[in-house]
Number of protein chains: 2
Amino acid sequence: LGAQIVFKQTDVLQFLSQNPSLKYDVAVLTHCIWYFTSPNVLQNILQALKDRVRHVCIAEYALSASSNTSLPHLLSTFAQNALFVRNPTSTSNIRTVLSPAAIIEIAKKIGFHLLTFSTITPSLDLRDGYWETCTVESVDFVQEVNEKVTDVNEKVAIYALRDAMISALETLKLENKQPSTMDVWNAVFSISS
Amino acid sequence: LGAQIVFKQTDVLQFLSQNPSLKYDVAVLTHCIWYFTSPNVLQNILQALKDRVRHVCIAEYALSASSNTSLPHLLSTFAQNALFVRNPTSTSNIRTVLSPAAIIEIAKKIGFHLLTFSTITPSLDLRDGYWETCTVESVDFVQEVNEKVTDVNEKVAIYALRDAMISALETLKLENKQPSTMDVWNAVFSISS
């Protein structure tokens, strides 16, 4: 299949505007939304794709903990998200946490409708959930909160999320379980006719 | 025991300063900390009690979900807390979410040390966890977020918590389970000698 695949490492909005005649069967956004600096980025990308694709496939974390082993990943997500809103130039993995419902709402606004979706529980080999808990547990995270968040109430709100995550990790340790990665939501959108 | 009990419905700091000679065996702070407008309130109360009590007993939610039935309560707590930091005159039930670790840290700073603690899972009759999820699920909550939170990233961060809570509630519904109240942390502090 090699000859039929072209890799472009580029900004999608820039690429689409520089190649206005290109049309596609499917655009795939896989685990990219949480890296965006705001929900407007997703909105702009879907707007640019609107008249040029038949389907958009999206994969993103589902924000659901189907087992208590993925609860630390869920809580680490919200802790990092709460820090990001006070430190918007951060390049952390978790910046714009959009739930499946929030993604559907944005897509609908642009003119896409949800065709089908599924939720899968990743295999234990996918270590992202564990890595995110390490980020939040780290001294660097605490330092960043202390540096970037000045309001005492906002600070304790982030520490409460971090402490709840640590407590969830301790529970797993007692049960001799490893923290896992939360469920993934896979959706196919189609242009509304 | 009636004759030995005196009820005073008053502000504790004001009461202590107006009655400087009164000393006590034990001061009990039961499920009050989360109503405080900032962590400084707890700090000031412990400071005022410091030379006038032998022990301080504290009961507060543990921020741990020992079962998936209390996950919605945990997530509703963080959603309300995130709204409170943008709406500090709110009189909601959940304002200053201090974890057990955060309470211990404040107590230590004043000169108290943790003598003993336990964590209990409330009986299903305690409906507080369910009520908190109703608060976050309500149209009023959504309206308050839209009115009080102007930054789009902060707004989606709160909606992500709300959507995760709704997803956790839906999971319980499929399992034919009721949302429950999260664990309670009970601690006894003593003045450090």
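Predicted model: local features only at pLDDT ≥ 70, side-chain atom pairs only at ≥ 80, totals over all residues.
A crossing of two helices is left-handed if the near helix is turned anticlockwise from the far one by less than a right angle. A search of the whole structure turns up one cavity of 30 Å³ or more.

**Chain A layout**

- Chain A holds seven helices and four strands.
- Read from the N terminus, its elements run α-β-α-β-α-α-β-α-α-α-β.
- Along the principal axes, the C-alpha atoms of chain A fill a box of roughly 55 × 35 × 35 Å.

**Between the chains: α7(A) and α3(B)**

- On the α7(A) side, the contact is made by A:Asn153, A:Ala157, A:Ala160, A:Leu161 and A:Ala164.
- On the α3(B) side, B:Phe78, B:Asn81 and B:Phe84 take part.
- By class, this contact of α7(A) with α3(B) has six nonpolar residues, two polar residues and no charged residues.

**The cavity**

- How much space lies in the largest cavity? The volume is about 260 Å³.
- The largest cavity is lined by 18 residues.
- Lying nearest its centre are A:Ala82, A:Val85, B:Ala82, B:Val85 and B:Ala157.
- The lining divides by class into twelve nonpolar, two polar and four charged residues.

**Within chain B: α3(B) and α6(B)**

- Helix α6 of chain B spans residues 139-148.
- The axes of α3(B) and α6(B) come within 10 Å and cross at roughly 30°.
- That angle makes α3(B) roughly parallel to α6(B), because angles under 35 degrees count as roughly parallel.
- The crossing of these two helices, α3(B) and α6(B), is left-handed.
- From α3(B), the contact uses B:Ala79, B:Gln80 and B:Leu83.
- From α6(B), it uses B:Phe141, B:Glu144, B:Val145 and B:Lys148.
- Four residues of the α3(B)–α6(B) contact are nonpolar, one is polar and two are charged.

**Within chain A: α3(A) and α5(A)**

- Helix α5 of chain A runs over residues 128-137.
- The axes of α3(A) and α5(A) come within 8 Å and cross at roughly 45°.
- Are these helices parallel or oblique to each other? The crossing angle is roughly 45°, and α3(A) and α5(A) are therefore oblique.
- The crossing of α3(A) and α5(A) is left-handed.
- In α3(A), the residues that meet α5(A) are A:Pro72, A:His73, A:Ser76, A:Ala79 and A:Gln80.
- Their partners in α5(A) are A:Gly129, A:Glu132, A:Thr133, A:Thr135 and A:Val136.
- The contact of α3(A) with α5(A) has three nonpolar, six polar and one charged residues.

Definitions and conventions. Residues numbered from 1 in each chain as written. Chains lettered and ligands numbered in written order. Heavy atoms only, no water. Contact = heavy atoms within 4.5 Å. Nonpolar A, V, L, I, M, F, W, Y, C, P; charged D, E, K, R; others polar. 1 Å grid on protein atoms, 1.4 Å probe; cavity = no way out; pocket = protein on both sides within 12 Å on 5 of 7 lines; lining within 4 Å. Points joined across faces, edges and corners; volume = space filled by probe spheres on them. Axes fitted to C-alpha atoms, helices over the stretch in contact; angles between N-to-C directions. Parallel < 35°, antiparallel > 145°, perpendicular 65-115°, else oblique.
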